[in-house]
Amino acid sequence: MENLPPVILASSSPRRSELLASMNIEFEIVPSHAEEIMEGSDFIPDLCETNARAKAEPIAELHPESLVVAADTMVYLEDELFGKPTHID
């Protein structure tokens, strides 16, 4: 894939690195140190989007020539927010 911008993963998540690598995407890891929020919206997906943007934007400002990938994961059930998954069980 020629002429594509450099890809930066704004996360130190091993799983996200694994996903990009499984797609044969060359990328650099530049972890974001943005503080995540766990409240502020009644719509949980909005919190995930807000957190993902908070992670991506400072990295994108430092690397304007790159495509920055950032994401957020939250576990919730019936409007109860449990936060980040910590283990598989």
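Tutor: Start with a cut-off. Buried means under 20% relative accessible area, exposed means over 50%, and partly exposed lies in between. Keep in mind that this is a predicted model.

Student: Is T50 buried, exposed or partly exposed?

Tutor: T50 has 39% relative accessibility, so T50 counts as partly exposed. This residue sits in helix α2.

Student: How far is T50 from A71 in sequence, and how far in space?

Tutor: In sequence, 21 residues separate T50 and A71. In space, their C-alpha atoms are 9.6 Å apart.

Student: Let me step back. Which elements does the chain have, and in what order?

Tutor: The chain has two helices and five strands. Read from the N terminus, the order is β-α-β-α-β-β-β.

Student: How much of the chain is buried?

Tutor: The chain has 89 residues, and 26% of them count as buried. The chain exposes about 6700 Å², with 54% of that supplied by carbon and sulfur atoms.

Student: How many bridges join β1 to β3?

Tutor: Three bridges join β1 (residues 7–9) to β3, and the two run parallel. Find L9, and opposite stands V69 in β3.

Student: Now helix α2. What is its reach?

Tutor: Helix α2 covers residues 44–62, which is 19 residues. From first C-alpha to last, α2 reaches 29 Å, close to the 27 Å expected at 1.5 Å a residue.

Student: Which residues of α2 are buried?

Tutor: I44, L47, C48, N51, A52, K55, A56 and I59 are buried in α2.

Student: Why can side chains pair by charge?

Tutor: Side chains of opposite charge can pair when their charged atoms come close. This structure holds four salt bridges. Take E18 and R15 as one case: their closest N and O atoms are 2.6 Å apart. Both lie in helix α1 (residues 14–22), three residues apart, so about one helical turn separates them. E18 is partly exposed at 48%, and R15 is partly exposed at 47%.

Student: Which residue forms a salt bridge with E49?

Tutor: E49 pairs with R53, with the closest N and O atoms 3.1 Å apart. These two lie in helix α2, four residues apart, about one turn. E49 has a relative accessible area of 42%, so E49 is partly exposed. R53 has 48% and is also partly exposed.

Student: Where do the partners K55 and D72 lie in the chain?

Tutor: First the bridge: the closest N and O atoms of K55 and D72 are 3.3 Å apart. The pair links distant parts of the chain, with K55 in helix α2 and D72 in the loop between β3 and β4, 17 residues apart. K55 is buried, with a relative accessible area of 10%. D72 is buried too, at 12%.

Student: Which residues are linked with K55 in a network of salt bridges?

Tutor: E36 and D72 are linked with K55 in that network.

Student: One last feature. Which residues make the nonpolar surface patch?

Tutor: V75, L77 and F82 make a nonpolar patch of about 290 Å². L77 lies in strand β4 (residues 75–77). Its relative accessible area is 54%, so L77 is exposed.

Conventions:
Residues are numbered from 1 along each chain as its sequence is written. This is a predicted model: local features need pLDDT of at least 70, side-chain atom pairs count only at pLDDT 80 or more; totals for chains, interfaces and linings use all residues. Side-chain values use heavy atoms; hydrogens and water are left out. Patches are made of residues with over 30% relative accessible area and no salt bridge: like charges are joined within 9 Å, nonpolar side chains (Val, Leu, Ile, Met, Phe, Trp, Tyr) within 5 Å. Accessible areas come from the Shrake-Rupley method with a 1.4 Å probe; for residues, only the protein chains shown count as cover. A salt bridge is a side-chain nitrogen of Lys or Arg within 4 Å of a carboxyl oxygen of Asp or Glu. Buried means under 20% relative accessible area, exposed over 50%, partly exposed in between (1.4 Å probe, protein chains only). The expected span of a helix is 1.5 Å times one less than its number of residues. Two strands pair if DSSP finds at least two bridges between them.
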